[in-house]
Amino acid sequence: MPVAVGPYGQTQPNCFDRVKMGFMMGFAVGMAAGAMFGTFSCLRIGMRGRELMGGVGKTMLQSGGTFGTFMAIGMGIRC
């Protein structure tokens, strides 16, 4: 399939760039969701201080990585 060139000479991103972009978008959305759900769940079980920050951070990284991976797979399938 030929690469389309825009009116100012820019080209469209290749498949690897799209997969990276999908991972980054998914990671950002997953981090936001992890911050909300992680804060709620850690406060519910009674965490405070450093323990709370560690628990929320761990939840944010886990959900960001998971959602980013699925978004990257979806972008890979699309291209």
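How are α1 and α2 oriented to each other, roughly parallel or roughly antiparallel? The legends below take up this question and then turn to further details of the model, which is a predicted one.

**View 1. The packing of helix α1 against helix α2.** Two packed helices are described by the angle between their axes and the distance between the axes. Helix α1, formed by residues 15–44, packs with helix α2, formed by residues 49–78, at an angle of about 150°, and their axes are 5 Å apart. Since angles over 145 degrees count as roughly antiparallel, α1 and α2 are therefore roughly antiparallel to each other. The crossing of α1 and α2 is right-handed, and the residues of their contact comprise 18 nonpolar, 14 polar and one charged.

**View 2. Gly74 and Gly22.** Gly74 is part of helix α2, and its relative accessibility of 29% means that Gly74 counts as partly exposed. Although Gly74 and Gly22 are 52 residues apart along the chain, their C-alpha atoms are separated by 7.8 Å.

**View 3. The salt bridge between Lys20 and Asp17.** A search of the whole structure finds one salt bridge, and the side chains of Lys20 and Asp17 meet in a salt bridge with an N to O distance of 3.6 Å. Because Lys20 and Asp17 are three residues apart in helix α1, about one helical turn separates them. Lys20 is partly exposed, with a relative accessible area of 40%, and Asp17, at 32% relative accessibility, also counts as partly exposed.

View 4. An unreviewed UniProt entry lists residues 23–43 as "transmembrane region". Over residues 23–43 the chain of the model is 100% helix and 0% strand, and the C-alpha atoms at the ends are 29 Å apart.

Key: Residues are numbered from 1 along each chain as its sequence is written. This is a predicted model: local features need pLDDT of at least 70, side-chain atom pairs count only at pLDDT 80 or more; totals for chains, interfaces and linings use all residues. Side-chain values use heavy atoms; hydrogens and water are left out. Axes are lines fitted to C-alpha atoms, for helices over the stretch in contact, and angles run from 0 to 180 degrees between N-to-C directions. Helices (H or I, at least four residues) and strands (E, at least two) are DSSP runs, numbered from the N terminus. Angles under 35 degrees count as roughly parallel, over 145 as roughly antiparallel, 65 to 115 as roughly perpendicular and the rest as oblique. A crossing is left-handed if the near helix is turned anticlockwise from the far one by less than a right angle, and right-handed if clockwise. Ala, Val, Leu, Ile, Met, Phe, Trp, Tyr, Cys and Pro count as nonpolar, Asp, Glu, Lys and Arg as charged, and the others, Gly among them, as polar. Buried means under 20% relative accessible area, exposed over 50%, partly exposed in between (1.4 Å probe, protein chains only). UniProt positions are given in the numbering used here, feature names are shortened, and annotations may be inferred rather than shown by experiment. A salt bridge is a side-chain nitrogen of Lys or Arg within 4 Å of a carboxyl oxygen of Asp or Glu.
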